[in-house]
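Hi,

Here is the structure I promised to send over.

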Amino acid sequence: MLSNNDGCAVARSEEAKALGIQMGAPEFMVRDTLKAHNVAVFSSNYTLYGDMSDRVMKTLAAFVPRLELYSIDEAFLDMSELKYNDLLKLGMEIKNTVKQHVGIPVTVGIAPTKALAKIANRYAKKKHKDLGVHWLANSDLIKQALVATEVGDIWGIGRRYETLLQRYRVNTAFDFINLPEEWIRVNMTVVGQRLWNELRGVQSFEWEFEIPAKKNICTSRSFGKLVNRKDEMIEALSNYAASCAAKLRRQKSAARLLHVFIKTNQHRMQDKQYGRSINIQLPIATNNTVEIVKHALKGLDIIFKEGYNFNKCGVIVSDLVPEESIQYNLFDTANRHRNTTVMKTMDKLNASLGKDLVRFAVQGFEKRYKLRAEYLSKLYTTNLADLPTLRN
């Protein structure tokens, strides 16, 4: 799978890895290899990924009382109330049910803590790929998995800590848990100490069963082609600002600060370079699309310059407050009740009829700046026009 604008390889099958295609390799540099070995290439398809992820997560949620969504393709299932069940059998049932209902293969790692569950999951992928499930049911199995896990593969150990630990001849997860706790606390802070406890079977990472509200929201894209006309920049920025506003409403937040930025492509040495941003303090916290787009375009008026080939722009909303805690002022003349009703109606229509079907005129419909996606798969699960067809 390729990144935005079909730039770099960001996900590879085991077969693609065996061909020597590296993570992050630019597509144009491996194009000959892709063609020579008939490698299937796909553009990023976030709509399809999001829908498939939602189906998987709903299937997983049916097995346990509580579930923590960790990422688009990963979740922690709380089995603490199922400790008298046959957890290995349950893991197999989870794996088989997801495959049957959604068609996606998953790997299940079962252990006393989150960090150990990550170890178990990775161990299953490496050592029990056909089975796809591994349960660290006792201390011997835990030790076996820790010994087989390189220190750089521990959840939460980045490149800097990996280098530090290897300097002290800590090469595996088992070596890591045998370090003195005081050394861990001094050299890896309290977060490292919690990880050390987790790998020793002591639960130290809190569960997050409710997705926390984001502290800031960014919508930004690189353009599919260079943009030098202001009307195209207005269209792009209006859509990004509208996206931020919709995300604010979904998490029931409002923003008090708006950040707008534009930039050229620094790798195009033949072009003049320019990049600038601006912060705009909103008079009243809002999640109204009209207000956020209006202020974003005011910011663009200030920072835009003619004569440059821009390749990216974006909007960030921050200083967020709950929408029920917005502080108004005496000089506010907007009809807030009417505006809120309009936004709710627009969101309902777009949710039922299609994303961005109802929009403001300034957003346009052409999306002349849109990302390149020459290898985009169809929206098989969200678009009736893309449903697979059968032929006799």
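At what angle do the axes of helix H10 and helix H11 cross? This is a predicted model, where local features need pLDDT of at least 70 and side-chain atom pairs count only at 80 or more, while totals for chains, interfaces and linings use all residues. Residues are numbered from 1 along each chain as its sequence is written, and side-chain values use heavy atoms, leaving out hydrogens and water.

Back to the helices: the axes of H10 (residues 230-250) and H11 (residues 289-303) cross at roughly 140° and come within 8 Å. Axes here are lines fitted to C-alpha atoms over the stretch in contact, with angles from 0 to 180 degrees between N-to-C directions. Helices are DSSP runs (H or I) of at least four residues, and strands (E) of at least two, numbered from the N terminus.

Residues of H10 that meet H11 include Met 233, Leu 237 and Ala 241, and on the H11 side Ile 292 and Leu 300 are among them (contact means heavy atoms within 4.5 Å).

Then there's the largest nonpolar core, with 34 residues: buried Ala, Val, Leu, Ile, Met, Phe, Trp, Tyr and Cys joined through side-chain atoms within 4.5 Å, buried being under 20% relative accessible area with a 1.4 Å probe, protein chains only. H10 gives the largest share, 9 residues. Phe 223 is one of those with the most contacts inside this core, and among the residues Phe 223 touches are Asn 5, Met 233 and Tyr 369.

Cheers

How values were computed
Buried < 20%, exposed > 50% of the residue type's maximum accessible area, 1.4 Å probe, protein only. Lists of a residue's contacts leave out its neighbours within four places in sequence.
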